[in-house]
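Hello,

Here is the structure I said I would pass on. Please have it open while you read the notes below it.

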Amino acid sequence: MPMPETIETISTLTNEGQYVQAFRMIGEAAAPDMDFLQSMQLSNALESLPLEALSLKPIRIAITGTSTLDQFSALLRFRLVLAGFMPEIHLAGFNTMGQSLLDPESELHAFRPDVIWIFTTYRDFMPLAGSQGDVDASAHVDEAIAPFESYWEAIRRNSSAFIIQNNCDVPADRVLGNFECNARWTRNGRYREINRELPKRMGQGGTVFDFDAMASMFGKNAWIDERYWHHSKHAFSLDAASMVAHAGARLLAGLKGQSRKCLVLDLDHTLWGGVIGDDGLEGIKLGAGAEGEAFVAFQEYVLRLKRRGVVLAVCSKNEEANARLPFEKHPDMRIRLDDIAVFMANWDNKADNIRTIADTLNLGLDSFVFIDDNPAERMLVRELLPMVEVPEIPPDPALYVRTLDRLGLFETVAFSDVDAQRGEMYKHNAQRSTLKKKFSDISDFLKDLDMVSAIGDFEDFHVPRISQLINRSNQFHLTTTRYSESEIRSLREDENRICRHFNLQDRFGDNGLICVLVLEDTGEALEIDTWAMSCRVLSRGMEHFVFNHVLELARKRGRQKIVGIYKPTPKNTIVAGLYEKLGFGKESEDRAMTRWVLETGSAPELPHYIKTKQQTTG
Amino acid sequence: MSTDILSKAQAIMADILRCPPGDLQPETSAADIEAWDSLTNINIIVSLEKAFDIKFALGEIQELANVGDMVRLIGEKSS
């Protein structure tokens, strides 16, 4: 729909009080790369809505820069609202960067921002190119960055705001022509060096904003309009302002944990050309030919998303066997079944399927993105699941990658191994959960899990995790004992104590160290001083596995009794009846404690499906 | 002065300045319209350049004093 009609429709919806509809329509019309006029028109339409009616999250941003940023601020506000925020933006006075950041009494600091955006351009980093010699270049770079390091330090001293620092939009002008890129000491060589150094110096609590990437994406010839720089100090084209504001808003969404986590993919004409059910393996377009290449490129991009922690799911209207066929047999498939956490191929409606995927993964629908080439399916999911992000997909598969990429749905300000592995973890959870659904008989399910538990004592390596379980468990903790790490080590050395830890692996992965046991050998009995277990592994048979181990220990030492103690708390009612279930008899009870006793002589071992992997004996 | 250019320019400026197009006569300048400041002036220039597919030179931007100046200059660049 052309913009004038869109604006009219939005206006009508607003007048009719259909604010949520109007808001959604504005969001759908706001492509990341709109020009200035269109952006302002949509922004004005947005400002006509009562934003309080939209349940937005507050965010306070201070911007300080050395150029005219009024229009940019307005568009940043626009983009932040679309990203689900209610923004309060403080724009520091023109060219007051030093004062606003260094003076603890400045208006900027009094504003108490959550985020401070140091909106520099290349002009702020160094006046002129130096002379030849790489040594000279390094000193220049240090000198250029030094003032900003003192700004960051001042911010960290005076506030807990997150810092966003622009890097240099390396100019398009090249005094040395092509040679500009061939040495470090050239003007642009130095800007590039500064850009490489900035992230290294930034540290925690801040991130570098890739202003240079914005300029490249927009096109450097159009990025700077010299007339507007000289006339009104606009450092970059107003037509690029919307794109930069969009990138900034998506980054802030990522900072606030609003980035999307799961990508749900259709199959036909999304991951391959054609329809697998009709065209068969030989008929779908994948690999050979121009279109086939485009679909491979899209698959490769999706796979890279998965490798950085985005969870993948499939939602396709197909016979399941047909849907799986290319994954299993097509030589040019890049995405394999193993990469997909949840695979739904059936004839049910896609909104229901996506809800099922969300339940299976235990992820909120507001962390989902749905990609489907079919506009009818997109519309259905948008209507029924408005919190799912459903981008408009152009008909040409050659454009799929850039369409998804430019939306900035998966922004982050930090990255660790945990992020990279997130996909695998969700896949394992999903597999466990799917498996449970297939088995009506729980014992078949448990058998099929192939569980193995390794038993050890309180080795140094495990002490931190043991301490965590003892001190942080509240539910499955019979006596709610709390021991410091040094106390844990002392227990290990105590001759009259037996210390055990248990971990649990199954066919989908390793649950880690999930149970801790401390027994006291009183000569007459083994008393269970501490039994703490992670709730993640309840009802899998660990309760019986641990009991059997205690029974074995008691018998080996010739102890006639095992004593179990339960100290009730508001949080551990879940284990109030545990000892009874294990065959113990109640010996005594008062408000603070119940003592349970089991005669070891004839007590039976209890059934479970967990194999032992012994690490220590005793 | 071309009436076509004038009415088109009036529509564009009225949208930006949130005023009736009729308030923007050839003699009207920034002093007469509340919303017309240095910032909205830039918005106007950017919009007019796009709408008429022309570019004002730096010196020309500095010299634009009222609606009439803009319309005249647009006319010169469009012919």
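**Aromatic cluster in chain A**

Phe72(A), Trp117(A), Phe119(A), Phe209(A), Phe211(A), Phe218(A), Trp223(A) and Phe236(A) are joined into a cluster by ring pairs. Keep in mind that this is a predicted model. Over all chains, the structure holds 24 aromatic pairs.

One of these pairs is Phe72(A) with Phe119(A): the ring centres are 4.7 Å apart and the planes stand at 50 degrees, so the pair counts as tilted. Phe72(A) has a relative accessibility of 2% and counts as buried because the cut-off is under 20%. Phe119(A) is buried as well, with a relative accessible area of 0%.

Phe179(A) and Trp185(A) make another tilted aromatic pair, with 6.4 Å from centre to centre and 45 degrees between the planes.

Ile466(A) is part of helix α21 (residues 463-472) of chain A. Its relative accessible area is 0%, so Ile466(A) is buried. Which residues does Ile466(A) touch, once neighbours within four places in sequence are left aside? They are Asp457(A), Phe458(A), Ile488(A), His501(A), Leu513(A) and Val516(A). For one of them, Leu513(A), the C-alpha atom is separated from that of Ile466(A) by 7.8 Å, although the two residues are 47 residues apart along the chain.

Ser106(A) sits in a loop, between α5 (97-102) and α6 (107-110) of chain A. Ser106(A) also counts as buried, at 7% relative accessibility. Leaving aside neighbours within four places in sequence, Ser106(A) is in contact with Gln99(A) and Ser100(A).

**Where chain B meets chain A**

How many residues of each chain are in contact across the interface? There are 16 residues of chain B in contact with 16 residues of chain A. The two chains bury about 1400 Å² between them, and carbon and sulfur atoms give 59% of that area. Leu39(B), Ile42(B) and Lys50(B) supply 34% of what chain B buries against chain A, which is more than any other three residues.

The rule finds 3 salt bridges across this interface. In a salt bridge between Arg227(A) and Glu49(B), the side chains meet with a distance of 2.5 Å from N to O. Across the interface of chain B and chain A there are also 9 residue pairs in polar contact, with both residues at pLDDT 80 or more.

Which elements of chain B give two or more residues to the side that touches chain A? They are α2 (38-52) and α3 (58-63) of chain B. The largest share, 8 residues, comes from α2(B). By type, the residues on the side of chain B that touches chain A are 8 nonpolar, 3 polar and 5 charged.

Regards

Notes: Residues are numbered from 1 along each chain as its sequence is written. Chains are lettered from A and ligands numbered from 1 in the order in which they are written. This is a predicted model: local features need pLDDT of at least 70, side-chain atom pairs count only at pLDDT 80 or more; totals for chains, interfaces and linings use all residues. Side-chain values use heavy atoms; hydrogens and water are left out. Contact means heavy atoms within 4.5 Å. Buried area is the accessible area (1.4 Å probe) that two parts lose on being put together, summed over both. A salt bridge is a side-chain nitrogen of Lys or Arg within 4 Å of a carboxyl oxygen of Asp or Glu. A polar contact is a pair of N or O atoms within 3.5 Å; within protein, one must be able to donate a hydrogen and the other to accept it, and residues adjacent in sequence count only if both atoms are side-chain atoms. Helices (H or I, at least four residues) and strands (E, at least two) are DSSP runs, numbered from the N terminus. Ala, Val, Leu, Ile, Met, Phe, Trp, Tyr, Cys and Pro count as nonpolar, Asp, Glu, Lys and Arg as charged, and the others, Gly among them, as polar. Rings of Phe, Tyr and Trp (its six-membered ring) pair if their centres lie within 6.5 Å; planes under 30 degrees apart count as stacked, over 60 as edge-to-face and the rest as tilted. Buried means under 20% relative accessible area, exposed over 50%, partly exposed in between (1.4 Å probe, protein chains only).
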